[in-house]
Amino acid sequence: MLYGWELISEEEKRLIAEGIRKGKAFCGPYHIVLFPTDRCNLDCFFCYTEGLRRQAKEIEWDVLQRALAEGVAMGVKSVSFGGGGEPLIYSALTPLLNFIEARNLKIDSIKTNGTALTDTVALRLIRSGLRRITISLNETDPVEYAGMGRVSPHLFRRAMEGIDNIIKAKRTAKSDCEVSVQIFIWRENYRRLPQMIEALLPTGADFIYVNTMEGLPVEKKMTGAQKEEFRGILRGVIERNTPRLQFNLTAEGLQQYAEAEQYRVYPQAIDLPDICRTDKRVEFCYIGWYAAVIEASGDVYSCCHFATDAAKSLGNLHMRTLRDIWYGERANDFRREMRHLLLTDADMRFLPRRARFIHPLCLERTACAFNYYLCDPAFYLDMNRWSKKHGRAYRLFQGLKSLPSRAVHRIKKFPKRD
């Protein structure tokens, strides 16, 4: 499960469930996702924040410290690191790690390019309970790495040292932290996938994460013939290394093929343990009742998918407190939209015309990890039972809302919320 769900009590789960039923929050947040800086020491051509580099922001430590202290008082138990920049070059990283250790917060996960992952930082992260780390290496050849990141090749050596440092810290502390190393595949390097995997196997990483990237221009995407060639390459590497491979090839339309090949060779590779074993979807997004994202600008978001869209901000910590934002109307708008998807089984026919926060990822069962891998199966099933009990009346009311207003006023026994 993600974001430290296993740290919360049954009473806290009960309050989360009550908030879902009512479409607002009665508790939390219990987890904070930190995007502390937009700065990065790489300039990867495929990065979604490439055009924002000249406007790079960092959240001031006094603002972040105040918000985190308030969050701890509200129930925060764990944090994660990520963002459009490199979190480990945040200028106040040492005070931030000191705060985390002093408050006994757990670090659930981090995404990093590894170049600032010194032996000291690695050990501090592991000792703070780090559960998973993804190191975006992108390439395994120093020259190709430098070209992709538009940096000096010496940073490749530092990234490889970072991988080594986290593996050593994990062994020293006898941690079960999951270490993944990510490589990026595009039309210029897809033939080198077997060599890249062979280069990473000796690092001791638990998983090698093979990724493609959304938003690439056509001239950098694979052609149809190249994709067909890549299928054969994929089949070969999966047959040799499946237990240690993970894939996100959606951007090139090859994810289903990769999953089918994995299932053929090693079914456990795509069988996540916390997915509910049901024929129909029972997992919906409850992150708005559980976690918040703090971005480098000070904006607070309901979900990391919105964290570069200021129009989706729930509020800014330079102007409002975390408590005001968490219990504010915009946050409740998000919760009501997620509750709507639960009660309508994400049926496209009932989508609100003016939905602010419903992302395409929210509509598909396995498109987003928070749809099916945030909560424990028992919680998902409990909320599913509640939605089945109340969903029919709710959908009927939503249908009536599309009728002339006179007809709606005649129906007074179908409240919007129970």
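Predicted model: local features only at pLDDT ≥ 70, side-chain atom pairs only at ≥ 80, totals over all residues.
Buried means under 20% relative accessible area, exposed means over 50%, and partly exposed covers what lies in between, using a 1.4 Å probe and protein chains only. Residues are numbered from 1 along each chain as its sequence is written, and side-chain values use heavy atoms, with hydrogens and water left out.

**Overall build**

- The protein chain has 14 helices and 10 strands; these are DSSP runs numbered from the N terminus, with helices being H or I of at least four residues and strands being E of at least two.
- With 418 residues, a compact globule would have a radius of gyration near 22 Å, and the protein chain agrees at 22 Å. That radius is taken over C-alpha atoms, and the globule rule is 2.2 Å times the number of residues to the power 0.38.
- Along the principal axes, the C-alpha atoms of the protein chain fill a box of roughly 70 × 50 × 40 Å.
- Among contacts in the protein chain with a separation of 6 or more, 71% join residues 24 or more positions apart; a contact means heavy atoms within 4.5 Å.

**Surface and charge**

- Of the 418 residues of the protein chain, 53% count as buried.
- The protein chain exposes about 19500 Å², and carbon and sulfur atoms supply 51% of that area. Accessible areas come from the Shrake-Rupley method with a 1.4 Å probe, and for residues only the protein chains shown count as cover.
- There are 63 positive and 51 negative side chains in the protein chain, and the centres of the two sets lie 8 Å apart. Lys and Arg count as positive and Asp and Glu as negative, leaving out His and the chain ends; each charge is placed at NZ of Lys, CZ of Arg, CG of Asp or CD of Glu.

**The nonpolar core**

- The largest nonpolar core has 134 residues, and Ile16, Ile166, Leu193, Phe230 and Tyr286 have the most contacts inside it. Helix 6 (residues 154-172) gives the most to this core, with seven residues.
- Such a core is a set of buried Ala, Val, Leu, Ile, Met, Phe, Trp, Tyr and Cys residues joined through side-chain atoms within 4.5 Å.
- Leaving aside residues up to four places away in sequence, Ile16 touches Trp5, Ile8, Cys27, Tyr30, Trp289, Tyr290 and Phe379.

**Backbone spots to look at**

- The peptide bond from Gly28 to Pro29 is cis, with omega near 0°, and Pro29 lies in the loop between helix 1 (10-22) and strand 1 (31-34).
- Arg150 is not a glycine, yet has a positive phi of about 50°. Arg150 sits in the loop between helix 5 (142-149) and helix 6, and counts as partly exposed at 41% relative accessibility.
- Ala346, also not a glycine, has a positive phi near 55°; its place is the loop between helix 11 and helix 12 (369-372).

**Two buried helix residues**

- Asn332 belongs to helix 11 (residues 329-344) and counts as buried at 10% relative accessibility. Not counting residues up to four places away in sequence, Asn332 touches Gly23, Lys24, Ala25 and Tyr327.
- Leu97 is in helix 3 (residues 93-102) and counts as buried at 4% relative accessibility. With residues up to four places away in sequence again set aside, Leu97 touches Phe81, Ile107, Arg124 and Leu125.
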